[in-house]
Each structure stands twice: as structure tokens, then as C-alpha cells.
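Biologist: I'm new to this one. Could you show it to me and then let me ask some questions?

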Amino acid sequence: MTDSQLIKEIKEGNTELYSQLMRRYQRKILTFVYHMLKSANLELLAEDICSETFYKAYRSLHSFREVDASFSTWLYTIARNTVLSELRKQRSSQIPLEESGYVPVAPQEIIPEHAILRSEKVNKVRDAINNLPEKQRSALILREYDQLDYHEISVILGQSISAVKSLLFRARSSVKNQLEPYLYEPLFEPFEGMKSR
């Protein structure tokens, strides 16, 4: 059953089908929300924001019009607006770490060296993405992680397609510039007395 068919059935009163619609998009929306919150160290709120997004979508489903945008585009827009609202709320009331509910967990086993190096590289890429301005970060996540096309991203971000392409170009350039020092890192530190070429 397509999204359109499901939505038609739900609007006609078969509300149990909404869970089927949620399952289709839950992982993608959760990933998107997680990455949006990561830069503010609020990723622990990702599941709550994801649930809130689906709740808002359900309550507004009667007003959804497929001629304006696809369901996925509409859902991403709700998710983005919900995240931005949460970020504004958090900025106005900074929560001390002790009250945030965040409990750091120590690794349970010794990680092999290559896993540590891989983890460091992944963290560098994530940090580079998290350092981007909000619109560039959103555009990059929607394009690279969620594989949305330019038109869908333009609807979600409220930008023209050419503006989205520009955001993506600037985002990729910025990430590349941030990662450049790590791309050319020597594998080994030179030993004392070692001849340099």
C-alpha cells in the first residue's frame, strides 16, 4: 500500500494504519532528528522529538495535501520545526549536566587500535558536520543520510532549489576544509634522529 493509500484510509477512520506509516519513516526521522540535536549535545532527546513529530503529524494529517508535498517531505518539515523549537527552548533554559539525565557510560571491553582509529575518524566527520550552520547541516543530512532529492530538501528547508545546491556546496566545502588536516596526517610520528625527506 502506498503512502497516499494509507493516508486516505487513515483519513477515512482506519486509524490503526498510522502505525504502518510510522514504521516506514521512524528510523529515517529518528536519524535526522539525532543529527540535528547532536550539535547541541541534546541527542538524548531524539526519541522524544521523533515521537512528538509523529504525534503532530497524526493530529494534522487531515490538513495534509499531497499536491503541496509528499508525505515524507511534510514529515521532515514537521521534524525540523520541532527540533528548532526544542533548540530555542533549550537555549533559553540551559540545564546543568547533573540535571540533564545524561550518564556517561564507560566502555565494557578494551577496543582494538583499529576500532579506536575508525571511531576517531567517524567522530571527526560528525564534529565537522555539527560545526556547520543549521541550514547547511540540515541540507547535508537530508541529502547524504536520507537521500532526499533537491526538490524535497527545498520544501523542507523553505529554500529554492538553487539555494539548496548552494547550501550543499558550502556544507561539503566546509566539511572538506575541516577534515583536510586529518586526511594528510602521517601514519607514524617521526622518531628522534629520523631523516626527514
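Predicted model: local features only at pLDDT ≥ 70, side-chain atom pairs only at ≥ 80, totals over all residues.

Biologist: What percentage of the contacts in the protein with a separation of 6 or more comes from residues 24 or more positions apart?

Modeller: While we're on totals, buried residues make up 34% of the 197 residues in the protein. As for the contacts with a separation of 6 or more, the share from residues 24 or more positions apart is 62%.

Biologist: Now α1. Why do its buried residues sit on the same side of the helix?

Modeller: Helix α1 covers residues 3–11, and its buried residues are D3, L6, I7 and I10. What covers them includes α2 and α4. They lie on the same side of α1 because the arc they cover around the axis is only 95°.

Biologist: And just after α1, which residue takes a positive phi?

Modeller: The phi there is about 115°. The residue just after α1 with that positive value is G13.

Biologist: I keep looking at α4. Is T82 buried or exposed?

Modeller: T82 has its place in helix α4, residues 71–92. Residues under 20% relative accessible area count as buried. The relative accessible area of T82 is 2%, so T82 is buried.

Biologist: Which residue's backbone oxygen lies 2.7 Å from a polar atom of the T82 side chain?

Modeller: Leaving out residues up to four places away in sequence, T82 touches I49, E52, T53 and K56. The backbone oxygen at 2.7 Å from a polar atom of its side chain belongs to I78.

Biologist: What about T73: with which side chain does the side chain of T73 make a polar contact?

Modeller: T73 is also a residue of helix α4, and T73 counts as buried because its relative accessibility is 3%. Setting aside neighbours within four places in sequence, T73 is in contact with E152, V155 and I156. The polar contact of its side chain, at 2.9 Å, is with the side chain of S70.

Biologist: How does α4 pass α6: in a left-handed or a right-handed crossing?

Modeller: The axes of α4 and α6 (residues 134–145) come within 13 Å and cross at roughly 145°. The contact is made by Y76, R80 and L84 of α4 together with E134, K135, S138 and L142 of α6. Those residues divide into three nonpolar, one polar and three charged. As for handedness, the crossing is right-handed.

Biologist: I've got N41 up on screen. Where is its place, and what is its phi near?

Modeller: N41 has its place in the loop between α2 and α3. N41 is exposed, since its relative accessible area is 63%. Most residues other than glycine have a negative phi. N41, a residue other than glycine, has a positive phi near 55°.

Biologist: Then Q147: is it buried or exposed?

Modeller: Q147 is found in the loop between α6 and α7, and it has a positive phi of about 55° although it is not a glycine. Residues over 50% relative accessible area count as exposed. Q147 comes out at 60%, so Q147 is exposed.

Biologist: At the start of α7, which residue's backbone nitrogen does a side-chain oxygen of D149 reach?

Modeller: In α7, the residues E152, I153, S154, I156 and L157 are buried. Just after α7, G158 takes a positive phi of about 65°. At the start of the helix, the side-chain oxygen of D149 reaches to within 3.1 Å of the backbone nitrogen of H151.

Biologist: Last one: how many Å separate the C-alpha atoms of R170 and Q136?

Modeller: R170 lies in helix α8, residues 161–183, and R170 counts as partly exposed because its relative accessibility is 42%. R170 and Q136 are 34 residues apart along the chain, and their C-alpha atoms are separated by 7.3 Å.

Notes
Residues numbered from 1 in each chain as written. Heavy atoms only, no water. Helix = DSSP H or I, 4+ residues; strand = E, 2+ residues; numbered from the N terminus. Buried < 20%, exposed > 50% of the residue type's maximum accessible area, 1.4 Å probe, protein only. Polar contact = N/O pair within 3.5 Å; in protein donor to acceptor, adjacent residues only side chain to side chain. Contact = heavy atoms within 4.5 Å. Axes fitted to C-alpha atoms, helices over the stretch in contact; angles between N-to-C directions. Left-handed = near helix turned anticlockwise from the far one by under 90°. Nonpolar A, V, L, I, M, F, W, Y, C, P; charged D, E, K, R; others polar. Arc of directions from axis to C-beta.
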